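Student: I have a new structure open and would like to learn how to read it. Could you take me through it feature by feature?

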Amino acid sequence: MLELRPNCELCDKDLPSAAGDARICSYECTFCSACVDDVLHDVCPNCGGGFQARPIRPRNAWRDGTGLVNDPASETRHRSSYSRDEIAAFVGTIRTLPPAER
Ligand SMILES: [Zn+2]
Ligand SMILES: [Zn+2]
C-alpha cells in the first residue's frame, strides 16, 4: 500500500494526505511540486526516477477496509540525507534524460 508521507523530503513543507501538490516517485519518495519543478527538475534525488502527482486516498470507507479511516496517512517525516549541492550535481547529470530512458 502507498505510504502517504506527511512532508516534503527537501523543504519540509507539510503535505497532508489531501494535498494537491504532493509528488511521489516509484519508491514513494515524497516532495512538494515546487521542489520537483524548481529544484529537482523531475529527478528524484534518491533514485533518479521521475515524479507523478500523489493520488488522494478517500477519507471514507467506500469499500470495506479502505479509506483513511482504515489506512491513515503516515506520521513519519522524512528528510533528505543529501545536501543541496549534492542534489544539484546529481540532478544535473540526469535531468536531460526523460524518465523512460533513465
Ligand atoms: Zn518541497
Ligand atoms: Zn525516488
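Predicted model: local features only at pLDDT ≥ 70, side-chain atom pairs only at ≥ 80, totals over all residues.

Student: Let's begin with the metals. Which protein atoms are the donors of the zinc ion (ligand 1)?

Tutor: To read a metal site, start with the atoms around the ion. Here the zinc ion (ligand 1) has the SG atoms of Cys8, Cys11, Cys32 and Cys35 as its protein donors, at 2.3 to 2.4 Å. Along the chain these donors follow the pattern C-x2-C-x20-C-x2-C. Cys11 belongs to the segment before S1 and Cys35 to helix H1, so this pair ties together parts of the chain 24 residues apart in sequence.

Student: What is the geometry of the site of the zinc ion (ligand 1)?

Tutor: Look at the angles among the donor atoms. For the zinc ion (ligand 1), the four donors make angles of 102 to 119°, and the site is tetrahedral.

Student: Are Cys11 and Cys35 buried or partly exposed?

Tutor: One of each. Cys11 is partly exposed because its relative accessibility is 35%. Cys35 is at 6%, so it counts as buried.

Student: And which residues are the donors of the zinc ion (ligand 2)?

Tutor: The protein donors of the zinc ion (ligand 2) are Cys25, Cys44 and Cys47, each through SG, at 2.3 to 2.4 Å. Their spacing in sequence is C-x18-C-x2-C. Cys25 sits in the loop between S1 and S2, while Cys44 sits in the loop between H1 and S3, so the pair ties together parts 19 residues apart in sequence. Both Cys25 and Cys44 are buried. When you count donors, remember that water is not among the atoms, so a site may look incomplete.

Student: Next, the core. Which residues touch the most other members of the largest nonpolar core?

Tutor: To read a core, ask who its members are and where they come from. The largest nonpolar core has 18 residues, and those touching the most other members are Cys8, Leu10, Leu15, Phe31, Leu40, Cys44 and Phe51. Strand S2, helix H1 and helix H2 (84–94) are the elements that contribute two or more residues to this core. Take Leu10: its contacts beyond four places in sequence include Phe31, Leu40 and Ile87.

Student: Which residues of H1 are buried?

Tutor: A helix can be read by its buried residues and what they pack against. In H1 the buried ones are Ser33, Cys35, Val36 and Leu40, and they pack against S1, S2 and H2.

Student: How many aromatic pairs are there?

Tutor: The structure has one. A pair of aromatic rings is described by how far apart the centres are and by the angle of the planes. Phe31 and Phe51 make an edge-to-face pair, with 5.5 Å from centre to centre and 80° between the planes. Phe31 is in strand S2 and Phe51 in the loop between H1 and S3, so the pair links distant parts of the chain, 20 residues apart. Phe31 and Phe51 are both buried.

Student: What does the side chain of Asn7 make a polar contact with?

Tutor: Follow the polar atoms of the side chain to their partners. The side chain of Asn7 makes a polar contact with the side chain of Asp12 at 2.8 Å, and the Asn7 side chain also reaches the backbone oxygen of His78 at 2.9 Å. Asn7 is in the segment before S1 and is buried, at 2% relative accessible area. For another case, see Thr66 in the loop between S3 and H2: a polar atom of its side chain lies 2.7 Å from the backbone oxygen of Arg63. Thr66 is partly exposed, at 32%.

Technical notes. Residues numbered from 1 in each chain as written. Chains lettered and ligands numbered in written order. Heavy atoms only, no water. Donors = N, O, S within 2.8 Å, 3.2 Å for Na, K, Ca; no water. Tetrahedral: all angles 85-135°; square planar, octahedral: opposite > 155°, others 65-115°. Helix = DSSP H or I, 4+ residues; strand = E, 2+ residues; numbered from the N terminus. Buried < 20%, exposed > 50% of the residue type's maximum accessible area, 1.4 Å probe, protein only. Phe/Tyr/Trp six-rings, centres within 6.5 Å; stacked < 30°, edge-to-face > 60°. Polar contact = N/O pair within 3.5 Å; in protein donor to acceptor, adjacent residues only side chain to side chain. Core = buried A, V, L, I, M, F, W, Y, C linked by side-chain atoms within 4.5 Å. Contact = heavy atoms within 4.5 Å.
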